[in-house]
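Keep the model open beside the text and turn it as you read.

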Amino acid sequence: MNAREISSAIRKGETTAKDVLENHLTVIQDREEEIHAFNLVMTEEARNEAEGIDALIAKGKDPGPLAGIPVAVKDNICTLGIPTTCSSKILDGWRPPYDATIIKRLRDAGAVIVGKTNLDEFAMGASTENSAFGPTRNPLDTTRVPGGSSGGSAAAVAAGFAPLAIGSDTGGSIRQPAALCGVVGVKPTYGRVSRYGLVAFASSLDQIGPFAETVSDAALLLETISGHDPLDTTSIIEPPLDLSTALTQGVKGLRIGVIDELSGGAVEGISDEVLSCLDDAVQALTTAGAIVERTSVPSTVYGLSAYYVIAPAEASSNLARYDGVRFGPRVDAKTTSEMMVATRTAGFGDEVKRRIMLGTYALSAGYYDAYYGKSQKVRTLIMNDFANAYEKYDLLLSPTAPTTAFPLGDKTEDPLQMYLQDICTISSNLAGHPAMSVPFGKGIDGLPVGIQVLAPAMDEHTMFRAGAVLEFSNQGQA
Amino acid sequence: MTDNTLDGWEIVIGLEVHAELATATKLFSSARNIFGGDPNTNIDPVSLGLPGSLPVLNQKAVELAIRVGLALNSRVQRSVFARKNYFYPDMPKAYQISQFDLPINEGGWLELPDGRQIGIERAHLEEDTGKSSHVGGGGRIHEADYSLVDYNRAGVPLIEIVGAPDLRSADDARDYVSELRSILVAIGASDGKMEEGSMRVDCNVSVRLQGNEEFGTRCEVKNINSLRSLGRAIEYEARRQVDIITSGQEVEQQTRHWDEADGRTHKLRSKEEAFDYRYFSEPDLVPLDPSPEWISEIKEAMPPLPRQRRIDLAEAAEIEPKAATLIVERNLDDFAMSAIKKGADATRVLVHLANNLADGVGQLTVDAFAALIDLETSGDLSATQAKTVLADLVDNGGDPAKIAANHGFEAMDSSELEALIEGIITEHPDDWTAFAQGDAEERKKKSGFFVGQVMKMTKGQADGKVVNDILLRRAEN
């Protein structure tokens, strides 16, 4: 059953939240050891929540649109009293004294939070191998990575541990693992979902979004978690989304541009099998009545370079607070600054340290203009290029990831190869635009390929129209 | 004006004043902004910089910052928050949210009581840090056994007012800071209490030969906790720099620490050791762009500034504006003017407000105050009696005439007084001779003796001034 079916069955009394939860816990019991999607399975808390939902139903009350649906939450989102680790040793043992806004929204909608999912440490990575607690494996082929950084959430949905999951996307961390695990993943418009309680990686790029098995379920979850939050000044002053009509509206007459640079053009390394699936997706959208043509978004090729200055710069500042003074483990030393150095040296993994150093350097006196300043200009260029493209097109299209899921260990020795996993997704973060990945076709090894639908800021509605059509067409082929 | 030169040298001073804004809550969260309190009781995830927390700008703090800008004739503009990155245990996020290249208030000036205008470069918003205390080792960080941090102050809104290097002496600097404090208090922006640290002064000092146009190399002096230490620190630092130059060396640009105990400044760090704060725009906050309508609203509601209030009181009381400073600082000028308007003697009004009402007027009404002064002016009450009645009025309110009667105060007949004084003179012939034949100074001393005697015998009911008149008249005859 997908999420909508579960919620509907529970609300109608055809099943109970408790039964639904126990079924999922059984699946988790069977495969979690092999996959390691979770840092923490919240069995007892989830059981209490499920009982609460069933009690509401028994009283004739409606628990909300997510009634009794198990939801897995990425472990960089704060949960009151429940360890929140960011898959880092530096947050070992830390229990937040508050819930993130989206945790409250999930609970208010009747969701049952089933666990905290594994990620690349502080969301830095594209394979979920940079976790202090060990990698997550792809449920479709456990010799392969699930993508990252929200690999635990993607794997949880793909493995049937939960029909819905929450991730965060700073450069592709929802869309790329969604593609590699064969599920739907959405990065909403920057500011669409409150970041309050999301442990910051790069604040101007981070955005929370949904994973689901279906486009319709992703829409349901996004509707629930979106909307203005007074605790996040950067959240958009808009009511929650209503995507219900988008799912059945079709794409007839929509103008869709395929980004040439990411589809066999300027950017190398997009595999043929992925390009072949993209061609099929173009065909499917055309058949459904869209006008699809290739177009250029020239500066998108500089996205990766700009991103690897801006994101580390913000990260170097955001991660400075892990100093051993107020929370988390502390490595004692003679002086305060020696204690801070020792704590950070022991607490952070290599990739996090690499990015802190990159970012600190990029912001330093004498280098700021050449690196951070210039990258911000590239960011503006990308926004301008997107704005130009959206004068002609309603949506843009590209692959989500350059390849299907790759073997564990394949790219861990070569950070640049790992960074290239986000080549297609990064520009949407720099522009603050929404984008989603929908499974479409398979590679030669039988692993799923994701197609990315990009939309201008605030236009998730049109994006979901194309997403629904791709899903429908993909299911027709399968 | 005092001599602002040191043997032909001129001191150049620019001040950076941090003032805590008088808001109910912190700059970026709803934790309370109050002084004192048990350590770490006025905190929340935001003021502790916990992972996942986000700042939300306090609109009241913005309003107060705009008031400061308007009072200092600044341009109130669109501004951007920036992160100032550095590690320190009392800095929860390891960065301070401040403003860098686009401050909320830019430019402006402050007029000293003597009419000179001192340039203001900017006045920007930022958050305060927590407070560290070091246990063991005499409280010094390097020898301490351990340190404690109190985050109650972390996130308290500050306005940092950067003055131009227009001040030329320790007196100038003190005048500037007291005027700034009066302004901040008058517009309700801050309580301006240096002793509680709600107003803090960093001082940039350089010296140059008189007549020289170019600035000398400056040093920034920190840890100044009172107006008195401000003056001392400037004078010490200027002397130190002149001594360096006259001995043929060059002043090094440094940040220095004022030590109140030994009366010296000590090197904290040189320019080379200065922090690289790696400023960049704060991505968690949107630019702050107050609408012209809001700024006008704030402007309309601005109370009169101390300078105007001194002029108004000075006119009403027929005194020099500078003499009105204390009363205005104590916020008693409206009270004074109301009493004067009711016909009370202006000199007595000011004397009582300055000397006897330092802790405020309490239950005292303007009417009672004016009536009391009338009783004093007419000679029905002596100055001492009036003071007693005044204290009673402050505590309990009431009618001054009735209170005086309750105390048994009544005007003494001058013939009774004459007789009394006659008796005292007879008993103390040597003192009388000393008075009668002494010069002005001697007379002043001895009159104190005689007035004292009279007061003792009348239990303070006599009017000292009348006694003096009688003594003088007798001495002349």
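Two strands count as paired if DSSP finds at least two bridges between them. Helices (H or I, at least four residues) and strands (E, at least two) are DSSP runs, numbered from the N terminus. This is a predicted model, in which local features need pLDDT of at least 70, side-chain atom pairs count only at pLDDT 80 or more, and totals for chains, interfaces and linings use all residues. Residues are numbered from 1 along each chain as its sequence is written, while chains are lettered from A and ligands numbered from 1 in the order in which they are written.

Together they give an open sheet of 3 strands in the order β5-β4-β16 (chain B). Within this sheet β5 (95-99) and β16 (280-281) of chain B are the edges, each with a single partner strand, so one side of each lacks a neighbour in the sheet.

How much of β5(B) is covered? In β5(B), 4 of 5 residues are buried, where buried means 20 or more other C-beta atoms within 10 Å of the residue's own, exposed means 12 or fewer, and partly exposed lies in between, with C-beta atoms placed from the backbone.

Next, look at β8 of chain B. Strand β8(B), residues 117-127, is largely enclosed by the rest of the structure, because 8 of its 11 residues are buried. Its pairings are antiparallel: β6(B), residues 105-106, pairs with β8(B) over 2 bridges, β7(B), residues 109-111, is joined to β8(B) by 3 bridges, and β11(B), residues 157-163, is joined to β8(B) by 7 bridges. You can find these pairings by residue: Asn105(B) stands opposite Ala123(B), Leu110(B) is the bridge partner of Ile118(B), and Leu125(B) faces Ile159(B). The hairpin of β7(B) and β8(B) has 5 residues between its strands, and there Gly115(B) takes a positive phi near 100°.

Now for a helix. In α7 of chain B, residues 333-341, the buried residues are Asp333(B), Phe335(B), Ala336(B), Met337(B), Ala339(B) and Ile340(B). Their cover includes α5 (306-317), α6 (325-329), α8 (346-355) and α9 (366-377) of chain B. Just after α7(B), Gly343(B) has a positive phi of about 100°.

Which residues touch the most other members of the largest nonpolar core? A nonpolar core is a set of buried Ala, Val, Leu, Ile, Met, Phe, Trp, Tyr and Cys residues joined through C-beta atoms within 7 Å. In the largest, of 230 residues, they are Val71(A), Val112(A), Leu395(A), Val453(A) and Cys203(B). Apart from this core lies another, of 29 residues, including Met337(B), Leu353(B), Ile373(B) and Ala386(B). In soluble globular proteins, nonpolar side chains tend to be buried together.

Let us turn to where the chains meet. In all, 26 residues of chain B are in contact with 34 residues of chain A, a contact being two C-beta atoms, placed from the backbone, within 7 Å. On the chain B side, β4 and β10 (146-150) each supply at least two of the touching residues.

Finally, step back to the whole chains. Chain A has 16 helices and 11 strands, and 63% of its 478 residues are buried. Its C-alpha trace spans about 70 × 60 × 45 Å along the principal axes. Chain B has 15 helices and 16 strands, with 40% of its 477 residues counted as buried, and its C-alpha trace spans about 85 × 55 × 50 Å along the principal axes. The mean pLDDT of chain B is 91, and 97% of its residues reach 70 or more; pLDDT is the predictor's confidence in each residue, from 0 to 100. The model scores ipTM 0.96 and pTM 0.89.
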